[in-house]
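Q: Got a few "how do you know that" questions about this model. Can we go through them one by one?

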Amino acid sequence: MTTFTLSRNAFGKLVFTSADGVHEGVLPVRAFPIAAPDKGIALVDRDGHELAWIERLDELPAATRTLLEEELKSREFLPVIKAIRYVSTFAVPSIWDVETDKGDTRFVLKGEEDIRRVAATTLLIADNHGVQYLIRNTEALDRASKKLLDRFL
């Protein structure tokens, strides 16, 4: 049961209203953005103070859930790598051509430490500009992609 309401003001900022008052510019923050993106979401004020904790997005009224999903989507840019097409060299820095859920792209991998294992088969790859790319399941990649990736793991 929610004890608050969310809305957008004329400037597009989220407005949180509860018995404690009204806060503008509220931000949703996921506790586990990769492992459990729809569970454990905090609503924080501009100073980072938690205003509300949401166990599960699907427990919210539809209008509130839609508003939160829109806000999270606009804040989080995390392309998911579907295939690795080409890697310029197996030394770093190297240029990677990949297919993502947002389209084909090319990025520079500065160092092997920019590939982080999040779970047994889940990786995060950061490019030289700080953009994070997600590989949800390395086992689901095609054979050629796995072969290229294995050279860096």
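Q: What makes S145 count as buried?
A: S145 has 0% relative accessibility, and buried means under 20% relative accessible area, with exposed over 50% and partly exposed in between (1.4 Å probe, protein chains only). So at 0% S145 counts as buried. One caveat: this is a predicted model, where local features need pLDDT of at least 70, side-chain atom pairs count only at pLDDT 80 or more, and totals for chains, interfaces and linings use all residues. Residues are numbered from 1 along each chain as its sequence is written, and side-chain values use heavy atoms, with hydrogens and water left out.

Q: Where does S145 sit, and what does S145 touch?
A: S145 is in helix α2; helices (H or I, at least four residues) and strands (E, at least two) are DSSP runs, numbered from the N terminus. Not counting residues up to four places away in sequence, S145 touches A83 and I84, contact being heavy atoms within 4.5 Å.

Q: What makes a set of residues a nonpolar core, and which members of the largest one touch the most others?
A: The label goes to buried Ala, Val, Leu, Ile, Met, Phe, Trp, Tyr and Cys residues joined through side-chain atoms within 4.5 Å. The largest such core has 16 residues, and I81, I84, W96, F107 and I125 touch the most other members. At least two residues each come from β7 (81-87), β8 (94-100), β9 (103-109), β11 (122-126), β12 (132-135) and α2 (143-150), and β7 gives the most, with 3 residues. A second, separate core has 14 residues, including F16, V26, I41 and L43.

Q: Which residues is W96 in contact with?
A: Leaving aside neighbours within four places in sequence, W96 contacts I84, Y86, V87, T105, R106, F107, L109, I115, I125, L149 and F152.

Q: How many helices and strands does the chain have?
A: There are 2 helices and 12 strands, running β-β-β-β-β-β-α-β-β-β-β-β-β-α from the N terminus.

Q: Why is the chain called more spread out than a compact globule?
A: The radius of gyration, taken over C-alpha atoms, is set against the globule rule of 2.2 Å times the number of residues to the power 0.38. For 153 residues the rule gives 15 Å, and the chain's 19 Å is well over that, so the chain is more spread out than a compact globule. Its C-alpha atoms fill a box of roughly 60 × 25 × 25 Å along the principal axes.

Q: How is the chain divided into domains?
A: Domain 1 is 4-75 and domain 2 is 81-150, with bounds from an automatic or database domain assignment. Their centres, over C-alpha atoms, are 31 Å apart.
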